[in-house]
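The tour goes stop by stop.

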Amino acid sequence: MKAGRKLTLVFLLLMALALPALAACGGGDSKAAASDPWHPAPTAAPWQWQLQGPIDTSVPAGVYEIDGFFVSPRVVRQLHSQGRKAICYLDVGSWENYRPDKDQFPKSVIGKRYQGFPSERWMDIRKISVLAPPLKKRFDMCKRKGFDAVEPDNINGYTNPTGFPLTASDQLRFNHWVARQVHSRGMSVALKNDPEQAKQLVGDFDFAVVEQCFQYHECGRFSPFIKAGKAVFEAEYEISPSKYCKRAKALQFSSIRKSYPLTAKPWKPCT
């Protein structure tokens, strides 16, 4: 019991210290969030990105991005009760063989293996009419579970060896469609990576989720989001926070250090 009380006191202290960050990230009344789409402004306050394992709500971050399939509505409600915002992670440009709806995607739209991810393959995003039924169900799932926003992953297939002759125009058309679908369900939508088209898409997306832009010197391409008053949530995996945190704060990015598995820890925000 003594150890439990000590952990509880530590958690409460961390949350008290994090309250300004929660407010900056857009945390607030969950009833208001249900009626008004979330529009996160640029902030250096930390966010959390966890796609594997039981969700650790002790991390003092105002925004949590979590897997849309593997998280229950109860977890989303818990985050809201703590003043957090919840982003629904979904794959929309690639097919994963472990998803419960995998059979709803015909073989005709499934392409080459996604390098580094043996259970994942690129999809032919030109065939929106074929992809629309299962993807709409995924967006409906995020809405039904109470998420504030959707992060549609792998929306830059045209820059990768997908097995299909995708063009930049194909990608823009698909990304515009995804943004419209999410907005029509009353949720905000993130532009995931796609630095080459960030300037063209800033008007359609409410914020950006970016990986390793400091390591690959791409962060400047997301400045249109900051200029438009929209947040950029950024994650690094390989370089030390001492190498990028000063720059992240200057850019008004919310940057964190994570590991590739995206478990709850490690989590090192720029402070």
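Is cysteine 219 buried or exposed? Select cysteine 219: its relative accessible area is 7%, so cysteine 219 is buried. Buried means under 20% relative accessible area, exposed over 50%, partly exposed in between (1.4 Å probe, protein chains only).

Some ground rules. This is a predicted model, where local features need pLDDT of at least 70 and side-chain atom pairs count only at pLDDT 80 or more, while totals for chains, interfaces and linings use all residues. Residues are numbered from 1 along each chain as its sequence is written, and side-chain values use heavy atoms, with hydrogens and water left out.

**Stop 1: the disulfides**

A disulfide here is a pair of cysteine sulfur atoms within 2.5 Å. The torsion about this S-S bond of cysteine 213 and cysteine 219 is about 90°, so the link is right-handed. Cysteine 213 is buried, at a relative accessible area of 1%.

Next, select cysteine 88 and cysteine 142. Their sulfur atoms sit 2.1 Å apart in a disulfide. This pair links distant parts of the chain: cysteine 88 is in strand 3, cysteine 142 is in helix 4 (residues 128–144), and 54 residues separate them. Helices (H or I, at least four residues) and strands (E, at least two) are DSSP runs, numbered from the N terminus. The link of cysteine 88 and cysteine 142 is left-handed, with -55° about the S-S bond. Cysteine 88 counts as buried, at 0% relative accessibility. Cysteine 142 counts as buried at 0% too.

Now pick cysteine 245 and cysteine 270. A disulfide joins them, S to S 2.0 Å. Distant parts of the chain are linked again: cysteine 245 is in helix 8 (residues 245–251), cysteine 270 is in the segment after strand 12 (268–269), and they are 25 residues apart. With -85° about the S-S bond, the link of cysteine 245 and cysteine 270 is left-handed. Both cysteine 245 and cysteine 270 are buried.

The count is three disulfides. With the bonded cysteines numbered in sequence order, the pairing reads 1-2, 3-4, 5-6.

**Stop 2: the largest pocket**

Colour strand 3 (85–91) and strand 6 (120–123). Each supplies at least two residues of the lining. By type, the lining divides into 14 nonpolar, eight polar and 10 charged residues. Ala, Val, Leu, Ile, Met, Phe, Trp, Tyr, Cys and Pro count as nonpolar, Asp, Glu, Lys and Arg as charged, and the others, Gly among them, as polar.

**Stop 3: a loop glycine**

Go to glycine 186, in the loop between helix 5 (168–184) and strand 8 (188–192). At 32% relative accessibility, glycine 186 counts as partly exposed.

**Stop 4: zoom out**

Show the whole protein. It has eight helices and 12 strands. Of its 271 residues, 54% are buried.
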